[in-house]
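Biologist: Before I rely on any label attached to this model, I would like to hear which cut-off stands behind it. Could you take my questions one at a time?

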Amino acid sequence: KTNKTFWGSFTHTNEEVLLNSKDYRSLWTNNKVIGFEKIKHNIKLISEIANNYNAQFYISIHPWVETIEFGQSEFDWENFAKEVCITSKCTKLINFFTDVKEIRKFNENWREKLYFREDLHLNKNGNDLYSDRIYKDAFN
């Protein structure tokens, strides 16, 4: 069973509901729009540094179990990452949402296959999936 967290709830829970939570409000000390603008700005700076060194710049995104279970009806990380990749002129966006959704379709125990139990971090299988895909996308 996947639990909802206040860290990931903004992707699938209406903001009006979230604003009633003291824990949630403490996450966004200014406001979440400002937070996402800072993310965009910093990624653009990193991309400019990579470009100055004639290096390729990849953005990789992966879902928390919660995001797969409850969706992205309020904030869509995949669309956000696509936009950031375009504006930062990244070499490529490596999106693991599709991989995880595909594994979920065919594996009842997909959570245990990819993530540590009751944790958002990847286990060995999850890390192997990601490292293999990143290597393939970046070097082939």
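Modeller: The chain has 20 positive and 20 negative side chains, and the centres of the two sets lie 2 Å apart. This is a predicted model, in which local features need pLDDT of at least 70 and side-chain atom pairs count only at pLDDT 80 or more, while totals for chains, interfaces and linings use all residues. Residues are numbered from 1 along each chain as its sequence is written, and side-chain values use heavy atoms, with hydrogens and water left out.

Biologist: What makes a side chain count as positive or negative here, and where is its charge placed?

Modeller: Lys and Arg count as positive and Asp and Glu as negative, whereas His and the chain ends are not counted; the place of a charge is taken as NZ of Lys, CZ of Arg, CG of Asp or CD of Glu.

Biologist: How do you know how many helices and strands the chain has?

Modeller: Helices are DSSP runs of H or I with at least four residues, strands are runs of E with at least two, and both are numbered from the N terminus. By that rule the chain has 8 helices and 2 strands, in the order α-α-α-β-α-α-β-α-α-α along the sequence. The C-alpha trace spans about 45 × 40 × 20 Å along its principal axes.

Biologist: Why is the link of C85 and C90 called a disulfide?

Modeller: The term requires a pair of cysteine sulfur atoms within 2.5 Å, and the sulfur atoms of C85 and C90 are 1.7 Å apart, so the pair qualifies. The structure holds 1 disulfide, and with -70° about the S-S bond the link of C85 and C90 is left-handed. Both cysteines, C85 and C90, are buried (under 20% relative accessible area, with exposed over 50% and partly exposed in between, using a 1.4 Å probe and protein chains only).

Biologist: What makes L114 buried, but L120 and N14 partly exposed?

Modeller: L114, in helix α7, has a relative accessible area of 2% and is therefore buried. L120, in the loop between α7 and α8 (124–139), has 27% relative accessibility, so L120 counts as partly exposed. N14 is placed in the segment before α1 (15–18), and with a relative accessible area of 36% N14 is therefore partly exposed as well. Of the 140 residues of the chain, 35% count as buried.

Biologist: Which residues does L114 touch, and how do you know that they are in contact?

Modeller: Contact means heavy atoms within 4.5 Å. Not counting residues up to four places away in sequence, L114 touches V100, I103, H121, L122, N123, G126 and L129. The C-alpha atoms of L114 and G126, which are 12 residues apart along the chain, are separated by 4.1 Å. L120, leaving aside its neighbours within four places in sequence, is in contact with W64 and Y115.

Biologist: What makes a set of residues a nonpolar core, and which members touch the most others in the largest one?

Modeller: A nonpolar core is a set of buried Ala, Val, Leu, Ile, Met, Phe, Trp, Tyr and Cys residues joined through side-chain atoms within 4.5 Å. Of the 28 residues in the largest such core, I59, V100, W110 and Y115 touch the most other members. Two or more residues come from each of α3, β1, α4 (65–70), α5, β2, α6 (97–106) and α7 (110–114), and α5 gives the most, with 4 residues.
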